[in-house]
Amino acid sequence: MGMPRRAAAGGRGAVAGGPGACRPRASDARSGNELRPRPAGSLVRGRAGPAAPAHAALLRSSTLMAGNLGAPSAAGVAPRPEEGKARAGRPGARLWEDAEPQAKKLRSGEDGAPPRKLPKRKIVLLLAYSGKGYHGMQRNVGSSQFRTIEDDLVSALVRSGCIPENHGEDMRKMSFQRCARTDKGVSAAGQVVSLKVWLIDDILEKINSHLPSHIRILGLKRVTGGFNSKNKCDARTYFYMLPTFAFAHKDRDPQDETYRLSAETLQRVNRLLACYQGTHSFHNFTSQKGPREPSARRYILQMYCEEPFVREGLEFAVIRVKGQSFMMHQIRKMVGLVVAIVKGYAPESVLERSWGDEKVDVPKAPGLGLVLERVHFEKYNQRFGNDGLHEPLDWAQEEAEVAAFKEQHILPTIVSTERGERSMAQWLSTLPAHDFSASALAASSGAKVRALSGAWAPASGTARGSRSVHELRHRAAGLAHCAEGTVPASCAPSPACAPLTHLCPPHPPVPPHPPMPPHPPVPS
């Protein structure tokens, strides 16, 4: 049997009046239709006679449902709010019809008034700081022993009300990212960090009020929601400020403050610095990087030394370098190697060797004079800088404040620290301890070992079983000891070690090797 499409003319869906009646629909009340109660056994439109059993079952279920909800107080009148709330609290109540939407409860702020919800937006901050006394830029989570720039910055953000306290404990919650991780003692005049904050009123003034004078937020700009200051940065520009007596020849007094850089020496310095331009493997200019690792290859756009200037009776020079990205200690070692070459401790050929596969001892200049000057976002500016919604990240309006901060906090700190602690003079005294030719000697020794090892290899097509595997391994072990300068007694009489005996210093006799277990025959 088909289901009844519509109830009698007394109104759609109205079945019976009194306690067993279905409640009227709001659409009928709005349209002004008259709602007449109809007996439970009345006819459905289009049918005559008593209702069929299936219809009766449907009517009984409708009557039960209507009984749970309760009858309306009057035909065509919606239930009162009190009755709707009472029915909504009982099981079986149809909340989507009877219950009125309740207002969301808000936490009350001061004086019982609800707090104003502040927008949380992605921004970038232009940060300048003097790195003296800090263990770098990046925060060491869980370690309060080493103070960093981010420790003071996050504390100021929390105290100013820009971020909640739990965001300060877990910086990932505010999507915090820095453009560059500066090392211990390194300063910055144009560091950029990206994060999500509440845009409170007078945000820059409030943050700076909780920062020391040698850390300042100089600018703020809105960026796209997915902006990441590290990944979106195209290049970074650093400068290294050092006293010019670092370029004096090694035979001259390393602490001679009357030294002045000559034009010829400056020209040679710039010629050596220009060799860094391009893409090279800088595995020798950082730690824990191998020569074959792709991450050790870095692209340097330019590197040069500017004209010297005098501060407090001491002549200084500034080396500027712009690169796509830099590894830890890379710039300080680039400067240190050029200083070692100009002073006469290392040959110029060490530059080419340092980019090769061999290990080269590269000295690391002090971190005092290194400053992150600017970060570049050319691709981001081309795409979003002129879209009418975002500003280009060029910081042209903040250049005067950046220059003033450098003159007030960064450059005077470098000059006064160098005069008081003499960090450059002390580092120069360690250069004679570096051996720039040791790796070349080791490489030549390794080449001889490989040549002799290759001479023992069987000819092409010769069965490997024609020579004892035990003998080959024994002689190879003897050659390895010869290269290290410790020839075992059992290997010393061997004629294969004779070509390398001049490399082996005198040494006490070494006990013979223990007998090796027999090897299974090698298949031909």
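Buried means under 20% relative accessible area, exposed over 50%, and partly exposed in between, with a 1.4 Å probe and protein chains only. The model is predicted: local features need pLDDT of at least 70, side-chain atom pairs count only at pLDDT 80 or more, and totals for chains, interfaces and linings use all residues. Residues are numbered from 1 along each chain as its sequence is written, and side-chain values use heavy atoms, with hydrogens and water left out.

View 1. D183 sits in the loop between β2 (177–178) and β3 (187–198), where strands (E, at least two residues) are DSSP runs numbered from the N terminus. With a relative accessible area of 15%, D183 is buried. Apart from neighbours within four places in sequence, D183 is in contact (heavy atoms within 4.5 Å) with G136, M328, H329 and R332.

**View 2. I123 in strand β1.** Strand β1 (residues 120–129) holds I123, which is buried at 1% relative accessibility. Beyond four places in sequence, the contacts of I123 include V193, L195, L220 and V223.

**View 3. L195 and the largest nonpolar core.** A nonpolar core is a set of buried Ala, Val, Leu, Ile, Met, Phe, Trp, Tyr and Cys residues joined through side-chain atoms within 4.5 Å. The largest has 105 residues, and L195 is one of those with the most contacts inside it. Helix α9 (residues 330–343) gives the most to this core, nine residues; helices are DSSP runs of H or I, at least four residues. Domain 1 (120–231) and domain 2 (235–363), with bounds from an automatic or database assignment, both contribute residues, so the core lies between them. Residues touched by L195 include I123, L157 and F176, not counting those up to four places away in sequence.
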